[in-house]
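Please open the structure in your viewer and keep the selection panel at hand.

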Amino acid sequence: IELLNYKTINLFLFLLICSSMIQAQNLNNDFINYSQEMEKVLGESLSVKNYRKTIRLLDDWFEKYYQQDEATKANFQEGSIEMLMATCYFYLAEETAKDLKTDSTLIYIEKAINYGFIDYKGIKSNAAFEFLSQEQKFIMLTESIKEKGDYLLLLKNSGHYSKSEVGMPMF
């Protein structure tokens, strides 16, 4: 009887683990299917420049994404969703700048930068942000990305370059 109980318990544990694994796999497939559907909806909201809706959708996606296991997360290119968020926040900053809304524009610029936006020239030369040029927070935010996003500065600081140092590519 003890042997039977031991085998029964092992069988029960095996079935429990298998069903948990199957359920987890279904959750992962559900998330991947959800992500594919979300991609269509995001495309639609971006095509009509509805950046607020896009950000809400992406926030919802991120909430679900962070609950997934590493194997599921590996299906998604690291950084690509963050850059989409950064771009949406940048466009929202442009929209609010049209109404000369200093605080909102700065909040959206900061969020764009926090998500990885580093196009220094894109911010500094953007006519929509001209009214912010003397704002201390705007200066601080743009300076925070200058080292990574000011491509002319990067080239100037990259050191000497000569054709002879490079060599010919091997094809």
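Begin with helix α1, which provides six residues of the lining of the largest pocket, the largest share. The model on display is a predicted one. Select residues 2-47 to show α1; this helix, α2 and α4 each supply at least two residues of that lining. The largest pocket holds about 200 Å³ of space. Its lining consists of 12 residues, and those closest to the centre of the pocket are Ser-35, Glu-39, Trp-61, Phe-76 and Ile-81. Sorted by class, the lining has seven nonpolar, four polar and one charged residues.

**The whole chain**

Now display the entire chain as a cartoon. The secondary structure amounts to nine helices and zero strands. The chain has 171 residues, of which 28% count as buried. Among the contacts with a separation of 6 or more, 63% are made by residues 24 or more positions apart.

**Trp-61 and the aromatic pairs**

Next, select the aromatic side chains. How many aromatic pairs does a search of the whole structure find? The search finds 15. Take Trp-61 and Tyr-65: their ring centres are 4.8 Å apart and their planes meet at 20 degrees, so this pair is stacked. A pair counts as stacked when the planes are under 30 degrees apart. Both residues belong to helix α2 (residues 51-65), and because they are four residues apart in that helix, about one helical turn separates them. Trp-61 counts as buried because its relative accessibility is 4%, and the threshold for buried is under 20%. Tyr-65 is also buried, with a relative accessible area of 15%.

Move to Phe-90 and Phe-117, an aromatic pair that is likewise stacked, with 4.5 Å from centre to centre and 15 degrees between the planes. This pair links distant parts of the chain: Phe-90 lies in helix α4 (residues 80-98), whereas Phe-117 lies in the loop between α5 (102-114) and α6 (120-124), 27 residues apart. Both Phe-90 and Phe-117 are buried.

Then select Phe-31, Tyr-34, Trp-61, Phe-62, Tyr-65, Tyr-66, Tyr-89, Tyr-108 and Tyr-115 together; ring pairs link these residues into a cluster.

**Tyr-89**

Keep Tyr-89 from that selection. Tyr-89 lies in helix α4. Is Tyr-89 buried or exposed? Tyr-89 is buried, because its relative accessible area is 6%. Leaving aside residues up to four places away in sequence, Tyr-89 touches Ile-55, Tyr-108, Lys-111, Ala-112 and Tyr-115. A further selection is Glu-110: Tyr-89 and Glu-110 are 21 residues apart in sequence, and their C-alpha atoms are 8.5 Å apart in space.

In soluble globular proteins, nonpolar side chains tend to be buried together. The largest nonpolar core of this model has 33 residues, and those with the most contacts inside it are Trp-61, Tyr-89, Ile-109, Ile-123, Phe-129 and Phe-138. Helices α1, α2, α4, α5, α6 and α7 (136-149) each supply at least two residues of this core. Which helix gives the most to this core? That helix is α4, with nine residues.

Finish at Phe-129. Not counting residues up to four places away in sequence, Phe-129 touches Phe-90, Ala-93, Glu-94, Ala-97, Thr-105, Ile-109, Ile-123 and Phe-138.

Note on methods: Residues are numbered from 1 along each chain as its sequence is written. This is a predicted model: local features need pLDDT of at least 70, side-chain atom pairs count only at pLDDT 80 or more; totals for chains, interfaces and linings use all residues. Side-chain values use heavy atoms; hydrogens and water are left out. Rings of Phe, Tyr and Trp (its six-membered ring) pair if their centres lie within 6.5 Å; planes under 30 degrees apart count as stacked, over 60 as edge-to-face and the rest as tilted. Buried means under 20% relative accessible area, exposed over 50%, partly exposed in between (1.4 Å probe, protein chains only). On a 1 Å grid over the protein atoms alone, a cavity is a set of points where a 1.4 Å probe fits but cannot get out, and a pocket is an open set with protein on both sides within 12 Å along at least five of seven lines; lining residues have an atom within 4 Å of a point. Grid points are joined across faces, edges and corners, and a volume is the space filled by probe spheres set on the points. Ala, Val, Leu, Ile, Met, Phe, Trp, Tyr, Cys and Pro count as nonpolar, Asp, Glu, Lys and Arg as charged, and the others, Gly among them, as polar. A nonpolar core is a set of buried Ala, Val, Leu, Ile, Met, Phe, Trp, Tyr and Cys residues joined through side-chain atoms within 4.5 Å. Contact means heavy atoms within 4.5 Å.
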